[in-house]
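I opened this model to look up two things.

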Amino acid sequence: MDSRNILIIGGGVAGMEAAKQLYRLGYRPVIVEQSDHLGGHVAGWFKLFPDMLSASDLISQMEEGLDGVDVYLKTRVASMNRLKDGFSVVLSNGTGLLCQAVLIASGFNLFDASRKEEYGYGVYDHVITNADLEQWFRTGADPRVPEEPSTIAFVHCVGSRDLKAGNPQCSKVCCMTAIKQAIEMKEKFPQAEVWCFYMDLRLFGKKYEDFYINAQRDYGVHFVRGRVSEVSEDIDGKVMLKAEDTLAGTQVKLKTDLLVLMAGMLCNEDTSSLAAMVRASVDSDGFLRSRDNIYRINESSRPGVFFAGACTGTKTVPETVAEARAAALDIHNYLSGND
Amino acid sequence: MIDFGFGLSRSSAVRLDEVDLSLYRKLEALEPGVRTCMACGSCTSTCTAGPWSGMSVRKVILNLQRGKNVSDMLQACMLCGKCTMVCPRGINTRHLILSLCRIYDEKK
């Protein structure tokens, strides 16, 4: 048994998968997770596209692979210092560790939708986010979701492709998530009219386009090209939104019972402080800077420091899992002197 | 009321939740492919009648979805079927137009 420790910062799907692979390779991965559970954002999701796999099943399946791996929940990295051949790490619970490599898998933060004040999140009664809707799918408890909505609207690109919100990039997964959630809502409320307001539909992945056609053909979901500019609440508590139908060149308004904002992905706010501890660099988009974005995405500019998942940019779950495995192999090669 | 000589003009904004979709629903029943239009404009760019008449299958579908009358535009169609050949979603646009003409005919 190789006793070399590897610090994994973040216990989402990237951290979990990398830990599993490193453990199988004979190392001692240590997961440090700031929340009280493993699984990160995925643990808050109900079903995952494109196979509609249950997110909680995925997380429990991944947890099974962690038997024997040290996991510190509700713990943060207090400090990291580079030694001659490794890192001296102190955790917020006082534990000290000597590690030969560090894997940053700190993921992303969901954009705080209340920052787009024109959409009234946190102000109006029936405005929720994509994450709130997933939570509602899981628990059925959210007073903002009406019992029998007759109209439901989705706003794409909330806090994505938005220079003014400080996030010019595309969050990649929201178009597909909106279509998935629109279909799920149509299944729950077949009588409801469901509207998606988009700027572009970016359906790049396997089976994504099939979801789009299904949403149109089998569920009659309406798609309007145009970004919602402002939202207000009428006297009955219903949500009134304004947009331009840019294909028709006319202004449109819609009164809806529920408005779902597709909040985008921002880099985890702790990333820059973590990066500073190991002198890794942060890219112009706020995410961690890989050695390059084609061949060495998992590598930082510093020896012994590796990345996996959404800490380097927006990723889907399968991309994150694949990157975690690649990072585990990169670490193995680094520690075996194969580089 | 004092007449000041001016009044409120009606908003030109389309209220999506109040649109009359009865024509569109009839067309959906006859030609379900209409739902899968993604407004790429291939039909419009290839249309022989388009450049001189303003005919556009994309606009026909969109205007129907917004509850507007499209019967004028249909008059220009020569049913050549080129739009059907270029549609990437495989919508039978020729059948779509014929069905729509039939729906308007029944209304008369």
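I note that the model is predicted: local features need pLDDT of at least 70, side-chain atom pairs count only at pLDDT 80 or more, and totals for chains, interfaces and linings use all residues. Residues are numbered from 1 along each chain as its sequence is written, with chains lettered from A and ligands numbered from 1 in the order in which they are written.

**Entry 1, strand pairing.** I looked up Lys253(A) and found its bridge partner in E1(B) to be Arg15(B). E17(A) and E1(B), residues 14-15, pair in the parallel sense over 2 bridges. Two strands pair if DSSP finds at least two bridges between them. Strands (E, at least two residues) and helices (H or I, at least four) are DSSP runs, numbered from the N terminus.

**Entry 2, chain contact.** I find 15 residues of chain A in contact with 12 residues of chain B. Contact means C-beta atoms, placed from the backbone, within 7 Å. On the chain A side, H5 (208-217) and E17 (250-256) are the elements that give two or more residues. E17(A) gives the most, with 6 residues.

I then checked H4(A), residues 174-188, against H5(A): they pack at about 40 degrees, axes 10 Å apart. Axes are lines fitted to C-alpha atoms, for helices over the stretch in contact, and angles run from 0 to 180 degrees between N-to-C directions. The two helices are therefore oblique to each other. Among the contact residues I list Met176(A) and Ile179(A) of H4(A), and Tyr208(A) and Phe211(A) of H5(A).

How values were computed
Parallel < 35°, antiparallel > 145°, perpendicular 65-115°, else oblique.
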